[in-house]
Amino acid sequence: MNVDFQVVWEVMKWPLAACLLLPPLLVYLGLHVVEREVIFVDLALAQVATLGTCVALLLGHHFDDRITFWISLGVTFVGAAFFSWSRSSRKQAVPQEAIIGITFVVAAAGVILLLSRVAGGKEELEHLLTGDILNVTAAEIGRRTWLFVALAGFYLAFHKRFALISSDPDGAFAQGMRVRLWDFLFYAAFALVVVSFVRLAGVLLTFAYLIVPAVCAVMLAQGWRGRLLVGWGVAATASLIGLTTSYVLDLPTGAAIVCACGLLLMIAGVSGVVQRASL
């Protein structure tokens, strides 16, 4: 098969840029999610963001309208406030993960109900789930890159606080930290990241970038720095495999990257077992 690399570059350069520039912040957040053992919080927030988008669509706004973004973000902030409020220093009869799971299910059902009242609802649902990373533009990447850089600076400035709350919430409470306030700030910035990336790549790819590289990193490395490097490597490798496969085999790009993430997770799992056996 003859491949015109100029054509390939023109088609894939901006999706490639999006998949290399934006996921590093998602990997960092994913490490917090794994440390907190609230694996589905990102999926729940993504689904809540989707619910907000559906509210905007039902009100007659278009998916790409600015007001749609703000409605989606506002609804997601409510979800962030709810998750931070549900955090406790003591073991609860109902764990936070259950609350997060219920939020996801209710938001998903709400999306289905709202889109049933929107013309072309099935197509909109598919778009919200899988996104359209292949048709991303330079302007969209530029706006999100600056936003993600600013949010990365925020997380870097308060990393020690967020890391303590994620790894030792009882210790944070004992030190007198206002854990719920810091949790809200963490989830509010998290919500902004999720809403921005979901609109670009869909719910499934957002969840994959948040969780799979982080889980691989936990299997293969120790410490925040080592895990970040491994997670970024996994995200970049999955992006390259998925983009290449989608172009060569004419497959949906987002789904191909998600499957590549799954493949790398399997490889990381086997590598982790071999690594532990050799010790």
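This is a predicted model: local features need pLDDT of at least 70, side-chain atom pairs count only at pLDDT 80 or more; totals for chains, interfaces and linings use all residues.
**Entry 1: helix α2 by itself**

I started with α2, which runs over residues 23-36. I noted 14 residues in α2 and a reach of 20 Å from its first C-alpha to its last. That is close to the 20 Å expected at 1.5 Å a residue.

Next I asked how many residues of α2 are buried. The count is 12 of the 14, so α2 is largely enclosed by the rest of the structure. I wrote down the buried ones: P23, L25, L26, V27, Y28, L29, G30, L31, H32, V33, V34 and R36.

I also checked what follows α2, and found E37, with a positive phi near 60°.

**Entry 2**

Before looking at pairs, a reminder to myself: two packed helices are described by the angle between their axes and the distance between the axes.

For α2 and α7, the axes come within 10 Å and cross at roughly 30°. Angles under 35 degrees count as roughly parallel, so α2 is roughly parallel to α7. I noted the crossing of these two as left-handed. On the α2 side, the contact is made by L25, Y28 and L29. On the α7 side I listed F148, L151, A152 and Y155.

What classes of residue make up the contact of α2 with α7? I got 7 nonpolar, no polar and no charged.

**Entry 3: α2 against α11**

Then I turned to α11, which spans residues 223-249. The axes of α2 and α11 come within 9 Å and cross at roughly 125°. The two helices are therefore oblique to each other. I have this crossing down as right-handed.

From α2, the residues in the contact are P23, P24, V27, Y28, L31, H32 and E35. From α11, they are W224, R227, L228, G231, W232 and A235. By class, I noted 9 nonpolar, 2 polar and 2 charged residues in the contact of α2 with α11.

**Entry 4: Q47**

I picked Q47 in helix α3, which covers residues 41-58. Is Q47 buried or exposed? Q47 has a relative accessible area of 7%, and under 20% counts as buried, so Q47 is buried. Leaving out residues up to four places away in sequence, I found Q47 touching F104, A107, A108, V111 and V203.

**Entry 5: L134**

L134 sits in the loop between α6 (121-130) and α7 (138-157). I have L134 as partly exposed, with a relative accessible area of 34%. What does L134 touch, not counting residues up to four places away in sequence? My list reads V11, M12, P15 and T253. I also looked up L134 and G202, which are 68 residues apart in sequence and 12 Å apart in space, C-alpha to C-alpha.

**Entry 6: D250**

My last stop was D250, in the loop between α11 and α12 (253-277). D250 has a positive phi of about 55°, although D250 is not a glycine. For D250 I noted a relative accessible area of 69%. Over 50% counts as exposed, so D250 goes down as exposed.

Terms used:
Residues are numbered from 1 along each chain as its sequence is written. Side-chain values use heavy atoms; hydrogens and water are left out. Helices (H or I, at least four residues) and strands (E, at least two) are DSSP runs, numbered from the N terminus. Buried means under 20% relative accessible area, exposed over 50%, partly exposed in between (1.4 Å probe, protein chains only). Contact means heavy atoms within 4.5 Å. The expected span of a helix is 1.5 Å times one less than its number of residues. Axes are lines fitted to C-alpha atoms, for helices over the stretch in contact, and angles run from 0 to 180 degrees between N-to-C directions. Angles under 35 degrees count as roughly parallel, over 145 as roughly antiparallel, 65 to 115 as roughly perpendicular and the rest as oblique. A crossing is left-handed if the near helix is turned anticlockwise from the far one by less than a right angle, and right-handed if clockwise. Ala, Val, Leu, Ile, Met, Phe, Trp, Tyr, Cys and Pro count as nonpolar, Asp, Glu, Lys and Arg as charged, and the others, Gly among them, as polar.
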